[in-house]
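Student: Please take me through one part of this model in detail. I would like the contact between the two chains, and then whatever in the surrounding chains deserves a close look.

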Amino acid sequence: MKLSVWTYEGPPHVGAMRVATGMKGLHYVLHAPQGDTYADLLFTMIERRNHRPPVSYTTFQARDLGEDTSHLFKDACRDAIARFNPEAIIVGASCTAELIQDDPGGLAERMNFDIPVIALELPSYQRKENFGCDETFFQIVRHLAKPMERTKRVTCNLIGPTALGFRHRDDIEELTGLLSDMGIDVNVCAPMNSTPSDIARMGAAHFNVLMYPETAEAAARWCESNLDQPYTKVVPIGVGATRDFIAEVREITGLACNADDSRLRQPWYAASVDSTYLTGKRVFIFGDGTHVKAAARIARDEMGFEVAGIGCFNREMARDIRKVAKEYGVEALITDDYLEVEEAIEKIQPEMILGTQMERHIGKRLGIPCAVISAPVHVQDFPARYSPQMGFEGANVMFDTWVHPLVMGLEEHLLHMFRDDFEFHDDAGASHHGGQAKERVAEAEAVQTVTDDNVIWLADAEKELRKIPFFVRGKARRNTETFAAEKGLHEISKDTLYEAKAHFAR
Amino acid sequence: MTYIPTPPTGGGCRTAPVLKERGQREVFCGLTGIIWLHRKMQDAFFLVVGSRTCAHLLQSAAGVMIFAEPRFATAILEEGDLAGLKDAQDELDAQVDRLLARRPDIKQLFLVGSCPSEVIKLDLAKAAERQSQKHGPNVRVLNYSGSGIETTFTEGEDACLACMVPVLPETDKRQLVVVGALPDVVEDQMLDLLRDLGIDTVRCLPTRTAADELSVGPNTVFALTQPFLGETHAALLRRHARHLPAPFPYGEEGTTAWLAAIAHEFDVDAETFARVTDAPRARARAAVAKASEALRGKSVFFMPDSQMEIPLARFLARECGMQPIEVGMPYIHDAIHGPDMDLLPAGPQISEGQDVDKQLDRARAARPDLTVCGLGLANPLEAEGLTTKWAIELVFTPVHFYEQAGDLAGLFSRPVRRRNILGLEAAE
């Protein structure tokens, strides 16, 4: 058993739902107990879909377990096909149904429907949501896609986007535009926006663009060996990655094409003087492997941040992230336990967090600015406005998103200048966090404080520390204590504080 | 005490034929009860023994309520736990030890059963007993099931309260126990009203903390504030307490009838009753009249969700002038829902259980002005041009008794007013 409070990923059948809901003309018959329909609201509320997910549940109850529950499943299949008239169905079991003896795949196949029936084996007690996406899409492609003649023009398939994917909707549009600039048409985009008959004609494309390895790598590999389609390895998130992606596509297709970057503003924005203050900002990056990997490169090479910590929650990407971490000289944190993430953030004391919904809350608690770069996300990260992460417009979007929570250069300069000003005192809080300003109370007499490691902060040092702006004070305290520990000092004076400052100066 | 609400002229719904359906049910399981119960019981922790799905459900239902130290968690069953059952008990003990060491402030621990734990027949009752001995008297460990195979949505609260009843101390005291988790502000209003009526031995189930005194016995009478407490009702009867049947305290009329049933039991004279209730009744009537302007003459359709549907339909029909078309309930319990069914004017189809696609067909055909349903159906129905009120909010929001009567009407009128303001076309 594993004690869990918040989870980064749902169970694998939610992954299968993400594939089914992204598609059209496909129906999912899920053997599941009453209550598992909760997952519908992820799609209708978080993603604000205007239709019910194409999922029929058997919703068995305790009284059904005494008898044969397989007829519930068979009835559900029959009713779903009669009512929704899908081109194909996928069938499977949720975690509870996995424990009872019915075999959805076998049952559905014996019913001899005249549409394809694709059985899913999703081990709920070992794997999670992303695996569910990847496996489901793989099974659909394996059952339906066939080798066929290539299109005359150079075309590709966009594979990986699903329902409930972080910015998948707009990434599709951005990539489609980028490829179109290069003279490449999209043959099929899948699973999102595709039908089973679209999947059947995937073989006509010259190559595949693997947008999200988490949700479609198995399918990409299968197409490579069975349809003779190479797939792209670079995920075009960030300016550098987008240019590498363009080069990779050029190599695959042999087309000497270029992309229109006339609306790319990120490089100039990052070069402009107001961005100087971003230099060396220490960021902690956490999320799914793909977005973390991309964010690290942007952070260091395109924003001038220092990557202070990096990690991901999906074990499938652990090896990749460990490699990236090594390259950045930091330890990789591979965990799905948000308490461990919180601990790491507290230890590192970054000036900014790039993470998921959970890290947003951790940041709020610790008073550290945060921008969301990866699922799991909440309703506000399915925006009405166009906001891709991929391609050139994606780079523009990310510059704004990441910089917004930070105190911008001029603002930061003013804060330093007027740090003793009545409106900029500690309790006033950061203006952009909407914190409620409190009346400034008469400054309490600073007293000696003793830390965990038995290091004593002398009163003058403690007082001096309070003059440092609140948003860097945690780091100053930690640095000073580390410095004192290294020097074997047991007391921290005002001088120690400034010696430490000089020591860590960059 | 003589206050009795006027029954409808055409007769009530108590004997109306009930459409019983079985099929796909679009409902929450009982685990969701944890979301509001843990706010009410301040020193309780809810440990679900289940799968990743259970953890994911709690997270989705808890929405933005991410706390640094939430008082609920899931012990996620892993492959190894499914292999041998003995193992699972040891594993569970280890998780509980870890949890209680980390949270010394916890005084009550609920081991909450789920579908997976029930299907593999993991004996959580025995585990609770064993752990109570180990961690008592500091921590009391209890067990109930919130599984979807056994409980629907609010029945999770019922199962939780019912598991507390057998271990309550025995008393001979003449007292009133009010059953059902209410927001603190509402509970306080209720206690004030009862005190003003001269009824001073009132206790609540659940109590806010484990240390709060609560006992039960043959001289205990109890009133329910929530319509989904069937098991708790039965458990209290087994302890020889007596139920005071009454309509549920929604709206001015429901609250007055509910108070009157108690006043009658405690021989409160009519003059005192009038003195205590007249002013808040007038306030509630005025508030409801204002908030329900947009609802008069409109039709309403209830999908089954919380068992609050019949009392709410009664409130909307009698106090807000709405016409119920269908009132769907997950379960109907005559002893509990009877008084409200007597007052709900005959006419609407009463249904129990669900076959969601067929029920949606009926709703589409009826084109109600307002459909009360879950979050999985609300946006899709809005996109079809139907105005909806999502039902889960009715459980979280303070809606009981006089001061909230206007707010309750407001919850239903807001979506109707909004559609008028926006002049929405059906979304594509």
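Tutor: What follows starts at the interface and then moves into each chain.

The model is predicted. Start with the extent of the contact. Chain A brings 55 residues to it and chain B brings 66 residues. About 5,300 Å² is buried between chain A and chain B, and carbon and sulfur atoms give 59% of that area. Three residues stand out on the side of chain A. Met1(A), Leu3(A) and Trp6(A) supply 19% of the area that chain A buries against chain B, more than any other three residues.

Strand β1 (residues 2-4) of chain A runs antiparallel to strand β3 (residues 72-76) of chain B, and three bridges join them. Within this pairing, Lys2(A) has Ile76(B) of β3(B) as its bridge partner.

Five salt bridges are found between chain A and chain B. One of them links Arg52(A) to Asp357(B), with the closest N and O atoms 3.0 Å apart. Helix α2 (residues 40-46) of chain A gives the most to the side of chain A that touches chain B, with five residues. By class, that side of chain A has 24 nonpolar, 17 polar and 14 charged residues.

Turn to chain B and its helix α1. Seven of the eight residues of α1(B) are buried, so this helix is largely enclosed by the rest of the structure. The buried ones are Gly33(B), Ile34(B), Ile35(B), Trp36(B), Leu37(B), His38(B) and Lys40(B). Take Trp36(B), in helix α1 (residues 33-40). Trp36(B) counts as buried because its relative accessibility is 10%, below the 20% cut-off. Beyond its neighbours within four places in sequence, Trp36(B) is in contact with Phe153(B), Thr154(B), Glu157(B), Val395(B) and Phe396(B).

Phi of Phe153(B) is near 45 degrees, a positive value in a residue other than glycine. Most residues other than glycine have a negative phi, and most peptide bonds are trans. Phe153(B) lies in the loop between β5 and α7 (155-164) of chain B. Phe153(B) is buried, with a relative accessible area of 0%.

Asn193(A), not a glycine, has a phi of about 75 degrees. Its place is the loop between β7 (185-190) and α9 (196-200) of chain A. Asn193(A) is partly exposed, at 44% relative accessibility.

Two cis peptide bonds belong to chain B. The bond from Gly136(B) to Pro137(B) is cis, with omega near -5 degrees. Pro137(B) is in the loop between α6 (124-135) and β5 (140-145). The bond from Leu205(B) to Pro206(B) is cis too, with omega near 5 degrees. Pro206(B) is in the loop between β7 (202-205) and β8 (220-224). Leu205(B) also relates back to Trp36(B): the two are 169 residues apart in sequence and 14 Å apart in space, C-alpha to C-alpha.

Finish with Thr335(A), in the loop between β11 (332-334) and α15 (338-348) of chain A. Thr335(A) counts as buried, at 4% relative accessibility. Its side chain makes a polar contact with the side chain of Glu340(A), at 3.3 Å. Not counting residues up to four places away in sequence, Thr335(A) touches Phe286(A), Cys312(A), Phe313(A), Glu340(A) and Val341(A).

Methods:
Residues are numbered from 1 along each chain as its sequence is written. Chains are lettered from A and ligands numbered from 1 in the order in which they are written. This is a predicted model: local features need pLDDT of at least 70, side-chain atom pairs count only at pLDDT 80 or more; totals for chains, interfaces and linings use all residues. Side-chain values use heavy atoms; hydrogens and water are left out. Helices (H or I, at least four residues) and strands (E, at least two) are DSSP runs, numbered from the N terminus. Buried means under 20% relative accessible area, exposed over 50%, partly exposed in between (1.4 Å probe, protein chains only). A polar contact is a pair of N or O atoms within 3.5 Å; within protein, one must be able to donate a hydrogen and the other to accept it, and residues adjacent in sequence count only if both atoms are side-chain atoms. Contact means heavy atoms within 4.5 Å. Buried area is the accessible area (1.4 Å probe) that two parts lose on being put together, summed over both. A salt bridge is a side-chain nitrogen of Lys or Arg within 4 Å of a carboxyl oxygen of Asp or Glu. Ala, Val, Leu, Ile, Met, Phe, Trp, Tyr, Cys and Pro count as nonpolar, Asp, Glu, Lys and Arg as charged, and the others, Gly among them, as polar. Two strands pair if DSSP finds at least two bridges between them.
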